[in-house]
Every structure is written in structure tokens, then in C-alpha cells.
Amino acid sequence: MKKAVIFDLDGTLSDSIASIKYCGDKALEAFGFGPFTEQQYKYFVGDGAANLIRRALAAGGDAELVHFQEAYALYREIFRENCMYQVKPYEGIPELIAGLKERGVKIAVLSNKPHVETVNVIETLFGEGCFDSIQGQKENVAIKPSPEGVFRIMEMLELTAEEILYLGDTATDMKTGKSAGAFTVGALWGFRDRAELQEGGADVIIEHPLQVLELL
């Protein structure tokens, strides 16, 4: 039996694409780029805010990333103030969390979103103290697909990789979980498709959050 579930945040727990688009478009508009569609942003995200801005600038025509430093700084500033813009949990997520708690399964979050904003989103959506561990992007921790964040959560929860189920919606998430030795579950309600999750090495792919309960 799995003793903990580690969740990705954007595209897995929270439907946040409107927030990411809003902040991205406002930042990039200052440099003459965008707006971009939500579908484009679903492929800009997944590897941290810096990579999001790099991909958006490249898509807008700044292949040399001349505006990267300024655009990234502006995005971070705008995002700090608007990280909850139209953000909501996906259907079935609150029920999944309740079901896991009823079974005594610990829950954690690992995100490439900056740590302060990760905590803000989680506590706003689910309440303070709901999750046993929250790990956002920090200066001294390598971002996903590095498994370093998973190892830190495992150490904090005093669990082994065999006791972990890792749930995410991108190939980056699947590679992160696999690198840590965890059982990886791909979420189809998020930002990417089945083909990407399969390519990333998902052990199982599910269509609804409550299916996680069947995998414990």
C-alpha cells in the first residue's frame, strides 16, 4: 500500500492556466509580444517560470532572448500579486484529498512554481495545514525533472520511494517520479495529453482524480 501521494500543482491540483496566461500576457505585452492562447501557455509551463518566459519570448520572435531578464523580472512581480487569478481546484480534487485523509495517506506538493506562491495557492485553495509537505521552487533545490524535491519530501515524511505515488500532468512530472523510484500516475485532466505522459514513462494514466484511490 502507498503511504503518501505527491502532487504536482499546476495542471494537477489547480486549474491555473488563466492565471498563468494573465500574468504572462501582461509581462510580455511590455516588450511587444503576445497575447498567447491558453493552449500555448499549457506548453510554455512545466519547467519553472524562467523557462516559461524563455518559451514565450521565442514563440513571439525573440529567438535570442534579448528581453529575457527584464521580462522574467516583470513576470515575477506581476505573478506575486496575481497568482490566484481565477485559480480553482480541478473537479474531484477536494474529494480525492478527503478520501486520502480518511485512509491515513499523507499528501504533499512538489511544484516548479516559486515556493512562496506555491504555499499561497495551496493554503488559499485547501486551507493551512491541509498538506503534510509543500515544496515549491527554491534557490537551493534543483527544479523538476530533478528528483531532489521528491527526496526531500520523502525524508521529511520518513518514507521510501516504494511507498510513494507521484501524480502529475506532464512528461517532466513522470520523469521526476521515475527518477526518484516512485510509482508515477499521469493526469489527463491537466495541461498535456496521453502521448506525452506515455513518453514520459507514466506507470498508469487516469482520467479523473478519484481513480487515484483505486491505485493505493
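Asp47 counts as buried, because its relative accessibility is 14%; buried means under 20% relative accessible area, exposed over 50%, and partly exposed in between, with a 1.4 Å probe and protein chains only. Before going on, the background: this is a predicted model, in which local features need pLDDT of at least 70, side-chain atom pairs count only at pLDDT 80 or more, and totals for chains, interfaces and linings use all residues. Residues are numbered from 1 along each chain as its sequence is written, and side-chain values use heavy atoms, leaving out hydrogens and water.

Back to Asp47, which sits in the loop between α2 (38–44) and α3 (49–60). Helices (H or I, at least four residues) and strands (E, at least two) are DSSP runs, numbered from the N terminus.

What do the side chains of Asp47 and Arg55 form? A polar contact of 2.6 Å. The side chain of Asp47 has another with that of Thr172, at 2.9 Å. A polar contact is a pair of N or O atoms within 3.5 Å; within protein, one must be able to donate a hydrogen and the other to accept it, and residues adjacent in sequence count only if both atoms are side-chain atoms. Setting aside neighbours within four places in sequence, Asp47 is in contact with residues including Asn112, Ile143, Lys144 and Pro145, where contact means heavy atoms within 4.5 Å.

Now the helices. Two packed helices are described by the angle between their axes and the distance between the axes. Axes are lines fitted to C-alpha atoms, for helices over the stretch in contact, and angles run from 0 to 180 degrees between N-to-C directions.

Helix α1 (residues 17–29) packs on helix α4 (residues 68–82) at about 140°, the axes being 9 Å apart. α1 and α4 are therefore oblique to each other: angles under 35 degrees count as roughly parallel, over 145 as roughly antiparallel, 65 to 115 as roughly perpendicular and the rest as oblique. Among the residues making this contact are Ile20 and Leu28 of α1, and Leu74 and Phe79 of α4.

For α3 and α4, the axes come within 10 Å and cross at roughly 125°, so this pair is oblique. Its contact includes Leu52 and Ile53 of α3, with Phe68 and Tyr72 of α4.

Gly127 lies in the loop between α6 (115–126) and β5 (133–137).
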